[in-house]
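Please keep the sequence and the model in view while reading.

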Amino acid sequence: MDNPKFFYTFALQLSNVCNMRLVYIVSAMYYPNGMAKILTDKMNWLAEHTNYEIWMIETERADLPHYYSLNPKIKFINFDLNFDAIYSLSFIKRILAYKYKERKFEELLTNFLIRNKPDITISTLRREINFLHKINDGSKKIGEFHFERSNYRLFQKSFFPSFVNSLITKYWQEQLIKRVKKLDKFVVLTEEDLQQWKELDNVIVIPNFIKEIPSIFSNCDSKKVIALGRYTEQKGFDLLIRAWKIVEERHPDWKLDIYGSGNWEFYQEMAISCGVMTLCCHPEESDVGNLYTNASIYVLSSRYEGFGIVLIEAQSYGLPVVAFSCPCGPKDIISDTNGILVENGNVLQLAEGIIRLIENQKKRTEMGTLARINAQRYLVDSIMNKWLSLFNEVLVK
């Protein structure tokens with residue numbers, strides 16, 4: 001009976017019998033980001049494989065189209081509250097505007113849920129988590145967390161003393177815990193992050209997924225390393241540039257390419273100013289499969305992650321990964337058989353890990369092969385089976 005395929009088939013059959021109604025509450029779906037992508041893929045999978053009625057509620061920019069295509073079976077509504085617009089206001093005006101919008105959001109969401117009577121309401125823990133537990137619409141409430149705790153709800157204002165920032169951060173996080181405790185289930189992405197929620201007894205782990213293991217993959221014989229991600233401080237490309245300078249001195253015939261959305265010119269200028277000549281920053285590229293198959297090593301230099309789906313994508317194309325052991329994701333995904341984990345933020349160790357794989361083609365090819373095997377753990381049907389089981393579980397309680 002301990003057969004994943006059996007349990008998947010059983011859960012899928014059960015889900016098709018139950019004409020369940022699900023509501024997902026999200027914020028913005030009009031620009032590319034990892035959370036929007038995985039949520040879209042998740043809802044699309046449910047629309048294709050179950051008889052569920054699926055709703056998506058948004059709060060931002062009803063005037064803009066969704067960046068990722070939704071299955072036409074999915075219904076959606078945008079309350080067009082535009083919380084993001086308030087960040088251009090002064091601090092006091094921002095607080096007042098936020099409180100007004102939050103009250104409006106609570107009113108609109110309450111009316112919607114009571115009118116539509118969903119079986120399950122799923123929150124991505126944005127503004128609605130402050131009041132979702134108070135809405136008595138009869139639905140089970142699930143929270144799904146796409147970040148990691150230590151870097152969530154941090155209050156950091158330069159015009160306040162550090163102790164004030166710390167006090168407000170502590171208050172925010174205590175309030176979050178109180179509200180999450182009232183959910184029927186709280187889903188985090190990694191075992192590592194699970195350990196940070198010791199106050200909770202309703203938390204489980206369901207990781208993100210990839211759709212397939214591609215038939216084409218890298219043979220790990222090109223002299224190219226790649227990194228993908230938004231050009232932000234979180235992704236640590238400034239640290240990667242410093243590490244690559246060390247790599248370049250040893251192996252000037254190798255090249256590092258970085259791809260992502262945002263101000264890539266800034267990081268290219270940083271590399272040039274550091275005297276790094278074999279690193280090239282690029283805008284976001286749609287054909288990432290081609291990037292993976294033409295590289296030999298993937299490197300992740302993030303200061304922190306919620307999960308790091310890019311690691312599994314790279315592994316599925318047969319790339320060994322060198323990564324900081326940042327919170328959270330790399331330690332769940334990477335082992336010493338399929339990649340190299342180094343101390344978080346340690347530029348020298350990151351460089352040495354890359355050099356180790358550059359200088360040992362046999363090792364990186366073996367790691368790449370085992371990386372593809374590891375990526376199979378995160379295939380969509382296996383992960384969505386966990387969600388089907390969770391939905392069925394909360395409904396029978």
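In this predicted model, a search of the whole structure finds 20 aromatic pairs.

**A pair of tyrosines**
- Tyrosine 67 and tyrosine 68 form an edge-to-face pair, with 4.8 Å from centre to centre and 80° between the planes of their rings.
- Tyrosine 67 counts as partly exposed because its relative accessibility is 44%, whereas tyrosine 68, at 17%, counts as buried.

**A pair of phenylalanines and a ring cluster**
- Phenylalanine 79 and phenylalanine 105 also form an edge-to-face pair, in which the ring centres are 6.1 Å apart and the planes stand at 70° to each other.
- This pair links distant parts of the chain, since phenylalanine 79 lies in the loop between strand S3 (75–78) and helix H3 (91–116), while phenylalanine 105 belongs to helix H3, 26 residues apart.
- Phenylalanine 79 is buried, with a relative accessible area of 11%, and phenylalanine 105 counts as buried at 1% relative accessibility.
- Ring pairs join Phe79 and Phe105 with Phe83, Tyr98 and Phe131 into a cluster.

**Charges over rings**
- Arginine 61 places its charged end over the ring of tyrosine 30, at 6.0 Å from the centre of that ring.
- The ring of tryptophan 197 has the charged end of arginine 149 sitting over it, 4.7 Å from the ring centre.

Technical notes
Residues numbered from 1 in each chain as written. Predicted model: local features only at pLDDT ≥ 70, side-chain atom pairs only at ≥ 80, totals over all residues. Heavy atoms only, no water. Phe/Tyr/Trp six-rings, centres within 6.5 Å; stacked < 30°, edge-to-face > 60°. Buried < 20%, exposed > 50% of the residue type's maximum accessible area, 1.4 Å probe, protein only. Helix = DSSP H or I, 4+ residues; strand = E, 2+ residues; numbered from the N terminus. Lys NZ or Arg CZ within 6 Å of the ring centre and 35° of its normal.
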